[in-house]
Amino acid sequence: MKYQRPKGTNDIIPGEAEKWQQIEKIARQVFQKYRYQEIRTPIFESFEVFSRTSGETSDIVTKEMYDFYDKGNRHITLRPEGTAGVVRAYVENKLYGPEIQRPFKTYYMGPMFRYERPQSGRLRQFHQIGVEAFGVDSPALDVEVIAMAMNLLSDLGIQHVKLALNTLGDQPSRQAYHQALVDYLTPYQAELSEDSQIRLQKNPLRVLDSKDQHDQEIVANAPQIVDYLTPEAQMHFDAVQQLLKDLGIDFEIDSTMVRGLDYYNHTIFEIMSDSKAFGGKWTTVCAGGRYNGLVEQLGGPEVPGIGFGLGVERLLLILEAEKYQAWQNNPLDVYVVGIGNETNAATLKLVQAIRQAGFSADRDYLQRKPKGQFKTASRLAAKYTLTVGESELSSQTAKLKQMSSGVEKTVKLAAIFADFAAVCQQFK
Ligand code: ATP
Ligand code: MG
């Protein structure tokens, strides 16, 4: 019997994992500069946390939920996205403090689960890095969040991206737009896909997000939300655009963009890449927006919020297509070569001492000949080799060789055990 990983999942194996660590490290550095702190919430939540927030008619809720009843008959979902769980935790832990503590800024990274048709850049277990900022309604925060996302991508080495921007307005704007959209779509009702016919009844805005080609043709001439904005919503959107210009961040307005989740309002955005990883087709790697009202919806006070989520697998596809060089494959400081079985204890003590001195060290465990061991050292690109044989053992010394210069010195074992860093200084 042969076991295989579940469809739509990946093993992140050594060699790959280093890339993940690098991405996570850069993300943490960026978030720290903007003063976002990490939050870790459960990977599963009550079904309602997502069904109530993402929207009854969203693809996520209707088709993609990994939900089940546990042994206590609780309806559970593996989280399909990060925001709802973070908002749930924000409310439950009463993280909404006095005004002086606002905005409350937090980030997360981890696996998300969606029952999708697996393909390149679309998995059933995938990973997101995301941020949420609560408690401030100012367009300046929208722009800071967008700027941080752009900053993150550029620090990761991704230059060629497009920022698509839209607004969903406030509640009154959406109500007015809702009616206009229904009036427009109703004559096409019979032509719409089956899904979109249901969407038209339950949540017409969702029709704009349809992936069906004929739906998209119909939608192309639909009325646009920007023509239905209240003065307040218009002001917010204008301010966001102006501030983006002030920061020199280019953007395009995409008036049919609605995002896949129901909880958004005002500013929504997507950062897209036309990397050859996606066959040159503009593909979203990072997406987000404002969600005023979501905190209340999950039982908290009236606190606005905004955030984004970035797909790590899609990011990696881009970086790999660009043959990104930044990943260093875990460089090895010292490879300890032991000649003869009697050196076994000495080489083990040496790798341990070197590790305790703060360096990485490795040795052979297969009793291989010196030639094989030196081969491994060079395959691992060791900076130093440290060789111990019978004669070294009797004189309590070892041969330390700096690989870059080829210089070799005989050093006392006692000196290595006392202070390996000082021993290395001899080569400087
Ligand atoms: P799409 O339209 O591609 O289905 P979405 O609107 O469902 O995207 P979001 O919920 O906004 O995506 O998620 C934000 C980001 O997370 C996406 O831009 C993408 O990079 C990533 N992402 C979403 N779903 C998947 C998935 N199934 N596999 C891999 N990455 C994903
Ligand atoms: Mg999707």
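Predicted model: local features only at pLDDT ≥ 70, side-chain atom pairs only at ≥ 80, totals over all residues.
## Around ligand 1

Residues are numbered from 1 along each chain as its sequence is written, chains are lettered from A and ligands numbered from 1 in the order in which they are written, and side-chain values use heavy atoms, leaving out hydrogens and water.

Now for some polar contacts (pairs of N or O atoms within 3.5 Å). Arg114 has a side-chain N or O atom 2.8 Å from an oxygen atom of ligand 1, and for the side chain of Gln128 that distance is 3.0 Å. With Gly311, it's a polar backbone atom that sits 3.5 Å from a ligand 1 oxygen.

## Helices H5 and H9

Next, a helix pair (helices are DSSP runs of H or I, at least four residues, numbered from the N terminus). H5 (residues 139–155) packs against H9 (residues 231–246) at about 45°, with their axes 9 Å apart. Axes are lines fitted to C-alpha atoms over the stretch in contact, and angles run from 0 to 180 degrees between N-to-C directions.

Who touches whom? Pro139, Ala140, Asp142, Val143 and Ile146 in H5 meet His236, Ala239, Val240, Leu243 and Leu244 in H9, with contact meaning heavy atoms within 4.5 Å.

## Helices H2 and H4

H2 (residues 47–54) and H4 (residues 83–92) pack at about 110°, and their axes are 9 Å apart. On the H2 side, Val49, Phe50 and Thr53 meet Ala84, Gly85 and Arg88 of H4.

Technical notes
Helix = DSSP H or I, 4+ residues; strand = E, 2+ residues; numbered from the N terminus. Polar contact = N/O pair within 3.5 Å; in protein donor to acceptor, adjacent residues only side chain to side chain.
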